[in-house]
Amino acid sequence: MTNVKIYHNSRCSKSRQTLALLEENNCNIEVIEYLKTPVTAAELEDILAKLAVAPREMMRVKEAEYKEQGLSDESLTQAQLIQAMIATPKLIERPIVIANNKAVIGRPPENVLTII
């Protein structure tokens, strides 16, 4: 049985579909509702490293908060973008699944099958 961690938003259909797919594949799932349980800078840095992406690639750039906070400014550092995700967790793309020391964004949900 594969141990997985899912950063989950129960209001998101893709997140729910991804969770269901993990359940169907008999995974041992740790669900982290990141809107209720804030993610730390260290956790975000670890996730970014496992995804092998820059912070903006893990952000919901179409959210109003992204524009309101001026996060498209190319002069912002990785640390500043991580702080923005901590302050406004709604900006974090969802769902993110970690398994076998790898991570994927579950868009589409079938992406998770590559790491479990």
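Strands S3 and S4 (residues 102–105) pair in the antiparallel sense through four bridges, where strands are DSSP runs of E of at least two residues, helices are runs of H or I of at least four residues, and both are numbered from the N terminus; two strands count as paired if DSSP finds at least two bridges between them. The model is predicted, and local features were considered at pLDDT of at least 70 and side-chain atom pairs at pLDDT 80 or more, whereas totals for chains, interfaces and linings use all residues. Residues are numbered from 1 along each chain as its sequence is written, and side-chain values rest on heavy atoms, with hydrogens and water left out.

Within this pairing, Val97 stands opposite Val104 of S4. Two residues lie between the strands of the S3–S4 hairpin, in which Asn100 adopts a positive phi near 55 degrees. Strand S1 (residues 3–8) is also joined to S3, by four bridges in the antiparallel sense, and Ala99 of S3 is the bridge partner of Val4. In a regular strand, side chains alternate between the two faces of the sheet. Both faces of S3 (residues 96–99) are covered, with Ile96 and Ile98 buried on one side and Val97 and Ala99 buried on the other; buried denotes under 20% relative accessible area, exposed over 50%, and partly exposed the range in between, for a 1.4 Å probe and protein chains only.

Helix H1 (residues 13–24) comprises twelve residues and extends 16 Å from its first C-alpha to its last, close to the 16 Å expected at 1.5 Å a residue, the expected span being 1.5 Å times one less than the number of residues. Ser15, Thr18, Leu19, Leu21 and Leu22 of H1 are buried. Seen down the axis of H1, these residues fall within an arc of 160 degrees and therefore line one face of the helix; the arc is that of the directions from the helix axis to the C-beta atoms. They pack against S1, strand S2 (28–33) and S3. After H1 comes Asn26, with a positive phi near 55 degrees.

In helix H2 (41–51), the buried residues are Leu44, Ile47, Leu48 and Leu51. Seen down the axis of H2, they fall within an arc of 100 degrees, so they line one face of the helix. Their cover includes S1, helix H4 (78–87), S3 and S4, whereas Ala42 and Ala49, on the other side of H2, are exposed.

Met58 is placed in the loop between H2 and helix H3 (64–68) and counts as buried because its relative accessibility is 0%. Beyond residues up to four places away in sequence, Met58 touches residues including Leu44, Ile47, Leu48 and Leu51 as well as Met85, Ile92, Glu93 and Ile96, contact meaning heavy atoms within 4.5 Å. Glu93, in the loop between H4 and S3, is buried because its relative accessibility is 15%. Among the contacts of Glu93 outside four places in sequence are Met59, Arg60 and Arg107.

The largest nonpolar core contains 22 residues, and those with the most contacts inside it are Tyr7, Met58, Met85 and Ile92; such a core is a set of buried Ala, Val, Leu, Ile, Met, Phe, Trp, Tyr and Cys residues joined through side-chain atoms within 4.5 Å. H2, H4, S3 and S4 are the elements that give two or more residues to this core. Apart from this core lies another of eleven residues, among them Leu21, Cys27, Val97 and Ile115.
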